[in-house]
Amino acid sequence: MDALTDFIIPIIGLKLGEHSYQFNVDRQFFKEFDNTDLQEGCLQVDLILKKRSNHMELMFRAKGSINCLCDRCGGDLKLPLDHQEMRIVKFSQEDFDNTDDVLVIGREDYEINVSHIVYETIFLGLPIRKFHDQETNGQKCDEEVIKRLKEYQKKEANKGVDDRWSALKKLLTDKD
Ligand SMILES: [Zn+2]
């Protein structure tokens, strides 16, 4: 977990008020999370931590780009990303269940590892469908591939019709 030690923030002795942190995310970071859709990228993550007497507010902002494959043409795609996530960390002596937005840590915990929240911030900032798009990322699909793909789909669709016809024919001839 060496790649993630940079993401540990000491909280014991941290003064009340605002603190800022900066993290760099690259392929070493993504390796730790083992997600085939998210393996390469270069991002900077800013964190503003506001420490209050009984909780902390953590505002993350991930900015940079993710390298992935296009859902349409399968080509390399560099996806720009700019996403913010906020988390609340509560101090408690009792056992509380963590929810999506609220993390509970013990009063005696002296540090917090934010690598998982950084990962979530990046992951949640990704669009559901990733493709070359002039408007959102200024990139174009490989036209040659798209053309071949369309031809293939057309052929497959025709094949479907042919199959249905032969099935029908067979049905009719079997009746005789
Ligand atoms: Zn594409």
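Strands β5 and β6 run parallel, joined by 5 bridges. Strands here are DSSP runs of E with at least two residues, helices are runs of H or I with at least four, and both are numbered from the N terminus. Two strands pair if DSSP finds at least two bridges between them. Within this pair, I88 stands opposite V102 in β6.

A word on the source. This is a predicted model: local features need pLDDT of at least 70, side-chain atom pairs count only at pLDDT 80 or more, and totals for chains, interfaces and linings use all residues. Residues are numbered from 1 along each chain as its sequence is written.

Next, the antiparallel pairs. β3 (residues 40–51) and β4 (residues 55–69) pair in the antiparallel sense over 12 bridges. I48 stands opposite M59 in β4. A hairpin of 3 residues joins β3 to β4. β4 then pairs with β5 (residues 76–92), also antiparallel, over 15 bridges. There, R61 has Q84 in β5 as its bridge partner. The β4–β5 hairpin has 6 residues between the strands, and G74 in the turn has a positive phi of about 80 degrees.

What packs on this sheet? Contact means C-beta atoms, placed from the backbone, within 7 Å. α2 spans residues 115–125, and S115, I117, V118, Y119, T121, I122 and G125 are buried. Buried means 20 or more other C-beta atoms within 10 Å of a residue's own, exposed means 12 or fewer, and partly exposed is in between. Those buried residues pack against β2 (17–25), β3, β4, β5 and β7 (111–113).

On to the core. The largest nonpolar core has 18 residues, and V25, V45, L47, L58, F60, V118 and I122 touch the most other members. α1, β3, β4 and α2 each supply at least two residues of this core. A core is a set of buried Ala, Val, Leu, Ile, Met, Phe, Trp, Tyr and Cys residues joined through C-beta atoms within 7 Å. Take I122: leaving aside neighbours within four places in sequence, I122 contacts V25, L43, A62 and L81.

D34 sits in the loop between α1 (27–31) and β3. Phi of D34 is near 55 degrees, positive in a residue other than glycine. Is D34 buried or exposed? D34 counts as exposed, because there are 8 C-beta neighbours inside 10 Å.

Last, the domains. The chain divides into domain 1 (2–141) and domain 2 (142–176), with bounds from an automatic or database domain assignment. Their centres, taken over C-alpha atoms, are 47 Å apart. The contact takes 5 residues from domain 1 and 4 residues from domain 2.

Notes:
Two residues are in contact if their C-beta atoms, placed from the backbone, lie within 7 Å.
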